[in-house]
Amino acid sequence: SPDKLAAAAAALKTEGHDAHAALFDVTDPDAVQAAIAKIEADIGPIDILINNAAEQHVREDIAELDADAMKAVFETNIYGYFHMVQAVLDHLESGARIINTASIVAYRGHPQLIDYAMTKGAIVALTRSLSDRFADRGILVNAVAPGPIWTPLIPASFPAEKVEKFGTNTPLGRPGQPNEVAPAYLLLACEDGRYMTGQTIHVNGGDYSSS
């Protein structure tokens with residue numbers, strides 16, 4: 001929501017960072033292009049793009065997953081990433097970074113999140129393809145595959161009994177927190193990550209089957 005975006009921007013400013021909030025629909029390529037143009041006008045050239053927009057819907061019966069519902073999830077979770085890449089591509093120079101958010105379910109699947117898992121697998125393929133495509137331009141493209149991580153998406157998606165047990169089946173016995181995922185993004189964005197491209201960092205509490 002606009003209020004949450006404004007609050008996030010204000011929080012960053014209290015830590016000495018200049019932040020600008022922009023609300024737009026990543027499924028609409030025209031809206032994405034307009035937003036990127038405004039962002040560059042406000043803060044200057046873009047050199048790091050982090051794709052993180054996503055939606056998921058728990059479906060106990062696969063019959064509930066019709067074509068329209070699947071298309072909506074794909075438009076947000078993978079088309080949106082591609083629209084963002086297209087919008088910034090002409091502005092990126094050597095040393096720029098694209099970081100995509102995948103998920104643990106891209107590697108192990110999920111019986112109630114089939115369409116979501118499909119999009120996250122597509123994000124891994126997109127990351128590897130873009131990394132090869134842009135390597136000669138010095139643009140590095142990587143991904144982070146979190147999970148299970150405690151975010152507002154979890155109680156919004158799952159019934160209370162599953163939320164209570166969320167993440168307890170990991171070797172570490174608990175879900176991760178967003179600030180435990182953030183360092184992976186920072187590595188890929190900073191100078192220390194300059195020899196990484198086409199890679200996925202797994203932040204998942206020790207679920208080795210996913211890596």
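The model is predicted, so local features need pLDDT of at least 70 and side-chain atom pairs count only at pLDDT 80 or more, while totals for chains, interfaces and linings use all residues. Residues are numbered from 1 along each chain as its sequence is written, and side-chain values use heavy atoms, with hydrogens and water left out.

**Fold**
- The protein chain holds 8 helices and 4 strands, where helices (H or I, at least four residues) and strands (E, at least two) are DSSP runs numbered from the N terminus.
- Their order along the sequence is α-α-β-α-β-α-α-β-α-α-α-β.
- The C-alpha trace spans about 45 × 35 × 35 Å along its principal axes.

**Burial and contacts**
- Of the 211 residues, 40% are buried, meaning under 20% relative accessible area with a 1.4 Å probe, protein chains only.
- Contact means heavy atoms within 4.5 Å; among contacts between residues at least 6 apart in sequence, 70% join residues at least 24 apart.

**Nonpolar core**
- A nonpolar core is a set of buried Ala, Val, Leu, Ile, Met, Phe, Trp, Tyr and Cys residues joined through side-chain atoms within 4.5 Å.
- The largest such core has 25 residues, and Ile36, Leu92, Ile98, Phe134 and Ile139 have the most contacts inside it.
- Helix H2 (29-43), helix H3 (67-89), helix H5 (114-134) and strand S3 (140-146) each supply at least two residues of this core, with the largest share, 8 residues, coming from H3.
- Beyond its neighbours within four places in sequence, Ile98 is in contact with residues including Leu49, Val85, Leu92, Phe134 and Ile139.

Methods:
Buried < 20%, exposed > 50% of the residue type's maximum accessible area, 1.4 Å probe, protein only.
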